[in-house]
Amino acid sequence: MDDEEIFSWTADERLGLAALLDELEDHEWAVASLCPGWTVHDVAAHMTLSTHTLFLDTLRGVVRTRGDINRVFADQARDRAARFGPAQLVAQLRETAGSRRRGLGSRPLDTLVDVLVHGQDIARPLGRVREMPAERAVAGLGRVLGTGFYGAPRRLRGTRLVATDLDWSAGEGPDEVRGPAGDLLLLATGRAAGLAGLSGPGVERVAAVLQARTL
């Protein structure tokens, strides 16, 4: 896997997400996503940030929030959601599907993770099915587990992840969690929704960790 393949996967995922968004009814855009405090509209707006936001604007936001990049992303997403309607955001996502621009400090795999995970943040609360190719999910897992940005090393300490849809595993410890790579990626990025497709002795402990962090 090289950057060219990652860019190709990302473009394909963006186009697929645009197709899903195009099918939504007006009221579905106001539904709460899996991202706490974000509507489907907010998440869709977030998906256009890396290709439509200037680096300096993000940097100013980081300075303003004293390094709270998650708050910066949330503010930017809500601002774009207020300025652009559903049809406009879908068009922007399609038009820049092949763009290689990335957000502040991110790598190509971060952009892929963004669209894979946020696609589920939108689809699952709406009862929509959005398939996540196992190979792409595993590539995303490699990035998520290898950096502290997503919180996975702390969240999954002592846990061994095992994919059931291809030959892949990661982590060490007595608590094993098994399931499709896509659900493992959701779990690694802190989405309790991923637990529904998982099994193993580690599920209960990780579920408790996720619950504790939402209280």
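**Notes on the predicted model**

1. At 8% relative accessibility, His-118 counts as buried, where buried means under 20% relative accessible area, exposed over 50% and partly exposed in between, with a 1.4 Å probe and protein chains only. This histidine, His-118, is found in helix 7. Leaving aside residues up to four places away in sequence, His-118 touches Cys-35, Val-43, His-46, Met-47, Val-113 and Arg-191, a contact being heavy atoms within 4.5 Å.

2. Side-chain values use heavy atoms, with hydrogens and water left out, and residues are numbered from 1 along each chain as its sequence is written.

3. As to the overall composition, the secondary structure comes to eleven helices and three strands, with helices (H or I, at least four residues) and strands (E, at least two) taken as DSSP runs numbered from the N terminus. Read along the sequence, the pattern is α-α-α-α-α-α-α-α-α-β-β-β-α-α. Of the 215 residues of the chain, 51% count as buried, and residues 24 or more positions apart account for 64% of the contacts with a separation of 6 or more. The chain exposes about 10500 Å², 51% of it supplied by carbon and sulfur atoms, the areas coming from the Shrake-Rupley method with a 1.4 Å probe.

4. The three strands form an open sheet with the order 2-1-3 and mixed pairing, where two strands pair if DSSP finds at least two bridges between them. The edge strands, each pairing on one side only, are strand 2 (169–170) and strand 3 (175–179). Strand 1 (residues 159–163) runs parallel to strand 3 and is joined to it by five bridges, in which Val-162 has Arg-178 as its partner and Ala-163 has Gly-179. Strand 1 and strand 2, by contrast, pair in the antiparallel sense over two bridges, with Leu-161 partnered by Ala-170, and the two strands form a hairpin with five residues between them.

5. Which parts of this sheet are covered? Strand 1 is mostly covered, four of its five residues being buried. Strand 3 has a covered face made of Asp-175, Val-177 and Gly-179, and an uncovered one made of Glu-176 and Arg-178. In a regular strand the side chains alternate between the two faces of the sheet. Helix 11 (residues 203–212) lies across strand 1 and strand 3, running at about 90° to strand 3.

6. Finally, the axes of helix 7 (residues 108–123) and helix 8 (residues 134–145) come within 9 Å and cross at roughly 120°, the axes being lines fitted to C-alpha atoms, for helices over the stretch in contact, with angles running from 0 to 180 degrees between N-to-C directions. Helix 7 and helix 8 are therefore oblique to each other, since angles under 35 degrees count as roughly parallel, over 145 as roughly antiparallel, 65 to 115 as roughly perpendicular and the rest as oblique.

Notes: Predicted model: local features only at pLDDT ≥ 70, side-chain atom pairs only at ≥ 80, totals over all residues.
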